[in-house]
Amino acid sequence: MKIGFGLEKNIKHSWNFFFGKKKSAKPVRRAVAAHKRPPLSAVASKEDFEFLFEDWAVSTNPIDLPSKEAGTKMVGYVRWIPEHSDILIARVIDACPHIKFVDVNIFKGQQHPEIRRALTQAAERDPIRFRRLALASLLALRTKGIDAIVLTLDWTAPLREIVFACRSIGIRTILIPHESVFSTTDTFYYQKRRRTNAPLTDHVLCWGEMQAGIFEERGYPRSRIVKVGSPKLDFDFKYRPALTRQQFEQLFGIAENAKIVLFTMQPMDNYNDKKYARQRQASAISDVLQYCHDRGHHLFLRTPPSREQILPEHLQLRLNASPNVSIDVAGEYVLTPEETLCQADLVVSVNSTMLFEARLMSKPSIAMKYIDLPTIWENTDILIATSGLQFSLHADEALRSNDHRMSERTLEWAASNFSNEKFGIDGEALSRIQQNLDSILQAPHNQLQLTTANAEPKIGNELFRPSAVVVAKDLIDEYGAERMKSYLGVERVFAASSVFNAASGDLFVRSPSIDDPKFESTRIGLGRPVYILSDEQLNELASVAAVEPQKSKSLLQDAPDISRAES
């Protein structure tokens, strides 16, 4: 019996059987796909990017603007994925009833993956127009007295541009991450093409030392980071089931007393080879499906909140044909993740944090390490399987045992990495978020400033050193992109040869004597800060160049990263 929508007809019939037939709106993906859009590589001018704005752009209406009461603080929030970031925003709003929270309302439909892709393409391909739309909404809120904007991530292009727009008009920004590391530290908070890998917000209220250490290592000032614990894990810590076991079994047509094996799927888009990673996840699901079939257990599959269709057709058909499989589909989830965990006897995933959430609920969990990469769960008592046979052995043992308490070693590790070792996972993260929000809102606005890794020591640790910058053409021509990258201490150097390239950098770098109107107009259009190299730094660069001749002065050969836009 299946629960969900959009996989197969029998799934739809099951939904109608349990909840009554309903008239469904036309799927967004069909509306989006109906447009005859040119390939991005064939677009000749910015006017051709109009189609990227058609499905989500929102105009500011004075009637819809909020009013601010005297003596209160007003904080804006940015919607993104309902089942991830928006859940956290909702919990923060509930924890802070004395603050007036308002939707910044810059775009609509972002709950659909097709719209998020269009938003990302718009922010990357025509960032100046995207910025104008963001500024229109944010300035309207600024006139109404908005005090800050809260985000749960800012590494993706649309949300990064919103942060830059806030910087331009003096609105403070606060990051409260909705997720922690669930694969490797290298892939956490990372945008592949741009090399964006750290927040740009003025303040960060993070989970624990794992996030704080990663951000600091990537150039974000530790003085602006506060470890508040994990609202996500705290909710698991306190959660009690809403359904009885019998109600759950009847709801999903599960045989009485059958063992329930929950597999939490992931989009796998944080891996370098997303296609291969999804194939390996499908292999893991196939092995778990076979195990459940052989043992008479019930497989409960939870699809990723991103709402992407990532299962191969042959596996979908096997799942749909199995009488002991239930599927809870994103966008029409019947259960919350916490309720699903409570009802499961065993939790399985490749790398989801739900593996650890299950351990907090004293449920056994198995990480399917079907991709040969390090996993943070090796630091815990979460079981790890690399094959179907190993999974079967672990699963049999876990389902026989009656003692699934988390080990002291795992608790200590989690207290430090997912929270603050001073208080651990105590269920009070939202209270600490509320206290820190109040402190930030009461203090004068102190905007985060940007610099490069070779900045003068006197600047101190209050500045952010981004991983990707835009360098003026005269410096690239004179010293080469590789030498500029090494000297500035960044991962990527871009040229302002196109707005697409220029928007990829968080900071513009130039010499004092630059005579490049295009460079400056592009910088202003994008709202990027500028770092001007001093004469002393230029002399140092020249000395290095004299000792170490350039491999090539050709921009195309020496700087493939910045010579052309990447699709």
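1. Helices (H or I, at least four residues) and strands (E, at least two) are DSSP runs, numbered from the N terminus. Leucine 448 sits in the loop between α16 (429-442) and β13 (449-450).

2. A word on the basis. This is a predicted model, in which local features need pLDDT of at least 70, side-chain atom pairs count only at pLDDT 80 or more, and totals for chains, interfaces and linings use all residues. Residues are numbered from 1 along each chain as its sequence is written, and side-chain values use heavy atoms, leaving out hydrogens and water.

3. Is leucine 448 buried or exposed? Leucine 448 has a relative accessible area of 0%, so leucine 448 is buried (under 20% relative accessible area; exposed is over 50%, partly exposed in between; 1.4 Å probe, protein chains only). Leucine 448 touches Arg167, Leu200, Thr201, Asp202, Tyr220, Pro221, Arg224, Glu462 and Phe464, not counting residues up to four places away in sequence. Contact here means heavy atoms within 4.5 Å. The C-alpha atoms of leucine 448 and arginine 172 are 9.0 Å apart, although 276 residues separate them along the chain.

4. Next, helix α16. Its 14 residues reach 20 Å from first C-alpha to last, close to the 20 Å expected at 1.5 Å a residue. The expected span is 1.5 Å times one less than the number of residues. Buried in α16 are Ala429, Arg432, Ile433, Leu437, Ile440 and Leu441. They cover an arc of only 165° around the axis, so they lie on the same side of α16. The arc is that of the directions from the helix axis to the C-beta atoms.

5. Now a helix pair. The axes of α4 (residues 113-125) and α6 (residues 157-168) come within 7 Å and cross at roughly 50°. Axes are lines fitted to C-alpha atoms, for helices over the stretch in contact, and angles run from 0 to 180 degrees between N-to-C directions. α4 and α6 are therefore oblique to each other. Angles under 35 degrees count as roughly parallel, over 145 as roughly antiparallel, 65 to 115 as roughly perpendicular and the rest as oblique. Leu119, Thr120, Ala123 and Glu124 of α4 meet Ala157, Pro158 and Glu161 of α6.

6. Arginine 278 belongs to helix α10 (residues 274-295). Arginine 278 is buried, at 16% relative accessible area. Leaving aside neighbours within four places in sequence, arginine 278 contacts Pro267, Met268, Glu308 and Ile310.

7. Last, the cysteines. How many disulfides are there? The count is 0 disulfides, a disulfide being a pair of cysteine sulfur atoms within 2.5 Å. Cysteine 292 is buried at 0% relative accessible area. Cysteine 342 is buried at 17%.
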